Amino acid sequence: MLYLWNTATKKQEIFTPVHSGDIGMYTCGPTVYAHVHIGNVRTFVMEDILQRALESDGLHVRRVLNITDIGHLTTDADAGDDKMEMSAIKSGTTVQDIAQRYTDLFLQDAEKMNIKIPAAPFLCKATDHIQDQIALIQLLEKKGYTYRIDDGIYFDTSKFSTYGNFGGQKLEEKEEGARVQVNVQKKNKSDFALWKFARVDVQRQMEWASPWGMGFPGWHIECSAMAHVYLGQPFDIHCGGIDLIPVHHENEIAQSEAAYDVPLAKYWMHVEFLLIDGGKMSKSLGNVYTISDIEHRGFDPVALRLFFLGCHYRQKQNFTWDAVQANQNALQKLRSVIRTWKGSGTILVEFESEFKRAIADDLNTPKALAIMWKLVDSVASFADKAATILKMDEIFGLSLSAYVGQDEILPQEVLDLAFERIAARENKNWIVSDALRKKIEDMGYSVSDGADGQKVSKI
Ligand code: AMP
Ligand code: ZN
């Protein structure tokens, strides 16, 4: 059972499915105009933890992850350029090429981070659902929620009486002081584009015929349309990064609920921001790191996953290279230790239930990690510890099964020295560690240290 914080009600609630046994989960995916950065990846990892936690409760999760390949403009106020078109112009290629390139890179990053990705059709592209978006806009038009101005069809937020309740902040408040161009034809500052008209003076690569003429959909409508197609309404849980609350999710709710007169989702989960060296990521500071940057510095992406688990998803997390190094060291230690855990045992119930309680408490991964380390240091049998940690890893997703029990069977004296050496290395006591290596080698065993930790084998 999960006891989750719900952004919609601002309370921690017991998770009860809309339809028993089958969970509908919608996660706003990347805009594929550039490489995803580690901030995006934090959000995707924590959503993955949620999916795994639901699955470990025996629930079947139908997860939809959209790929935004149209309509996401450089500002949240329906002004500015389309990120996809800009990226294509910059690279001298087509929008389709850009979308394919960055979708492929995103999927590779997800695999390296052990993030489960839904299969087709639940991994869905906005441009494959233009007709669904047009149909939804037509429904809103029929119900009187839209109006037309020079640059597009807009949603009239004053017609949706609860607009602003979700984010607790109206767009007009948010815009104060912001350097955004205000569209003077809009009836209310918080109104947003459902369909933008193609401009005669700008040649776009991506535009479609519609009842309102050539153009392209606004950014928010894709999620409302695809969620309805694949999950129906209401569905169970909608997720994303915290920045999506005041505009994107507020607007999704307005469109979907105005169209279908039922809530969009029962629960909403939002992941707090990843900061870099205590501040924002920005291109000008050169600190918009990607998974490739992590690898180029010699780190295993799974060490980054371990780092993410160390902070509760509703807290800001501060990224530093020292923190990744510390997590890489911890991961190496863990892999070294569990290699020696041979045999088939049974799950240790007291550790398992303490672990489950931590996860059930709004996905308290830092606490769950502490319980895993307590298990590692416990005096239980290796075989039982192995069974227990593998159960925990169904949620953590650290690929521990590739390491558990992989060492050869070692004599007890060699095993003792191997453990001593892991501890010495953890304390950076290189003299002791080298002396222990010598002793192990004198007993006829080799010792190697790699990114995967310490490996001991018979010479
Ligand atoms: P985007 O590609 O900009 O649509 O973002 C994809 C996902 O990453 C969304 O759920 C964002 O809210 C989330 N996101 C963006 N920046 C960060 C950050 N610094 N930390 C955590 N999540 C983020
Ligand atoms: Zn969305």
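This is a predicted model: local features need pLDDT of at least 70, side-chain atom pairs count only at pLDDT 80 or more; totals for chains, interfaces and linings use all residues.

Visitor: OK, how much space lies in the largest pocket?

Guide: The largest pocket holds about 1,700 Å³ of space, and of the 43 residues that line it, the closest to its centre are Y33, H37, N40, K83 and D243.

Visitor: Which elements give two or more residues to that lining?

Guide: Those elements are α1 (38-56), α2 (83-91), β10 (235-241) and α7 (245-260), and among them α2 gives the most, with 5 residues.

Visitor: And how do the lining residues divide into nonpolar, polar and charged?

Guide: The lining of the largest pocket has 17 nonpolar, 19 polar and 7 charged residues.

Visitor: Switching to the backbone, where are the peptide bonds cis?

Guide: One cis bond runs from A120 to P121, with omega near 5°, and P121 sits in the loop between α3 (95-112) and β5 (123-125).

Visitor: What about K10, what is its phi?

Guide: K10 is not a glycine, yet its phi is positive, about 55°; the residue is in the loop between β1 (3-6) and β2 (11-14).

Visitor: And K428, is that one buried or exposed?

Guide: K428 counts as exposed because its relative accessibility is 53%, and exposed means over 50%, whereas K10, at 42%, counts as partly exposed. K428 also has a positive phi of about 55°, and its place is in the loop between α14 (412-426) and α15 (430-442).

Note on methods: Residues are numbered from 1 along each chain as its sequence is written. Chains are lettered from A and ligands numbered from 1 in the order in which they are written. Side-chain values use heavy atoms; hydrogens and water are left out. On a 1 Å grid over the protein atoms alone, a cavity is a set of points where a 1.4 Å probe fits but cannot get out, and a pocket is an open set with protein on both sides within 12 Å along at least five of seven lines; lining residues have an atom within 4 Å of a point. Grid points are joined across faces, edges and corners, and a volume is the space filled by probe spheres set on the points. Helices (H or I, at least four residues) and strands (E, at least two) are DSSP runs, numbered from the N terminus. Ala, Val, Leu, Ile, Met, Phe, Trp, Tyr, Cys and Pro count as nonpolar, Asp, Glu, Lys and Arg as charged, and the others, Gly among them, as polar. Buried means under 20% relative accessible area, exposed over 50%, partly exposed in between (1.4 Å probe, protein chains only).
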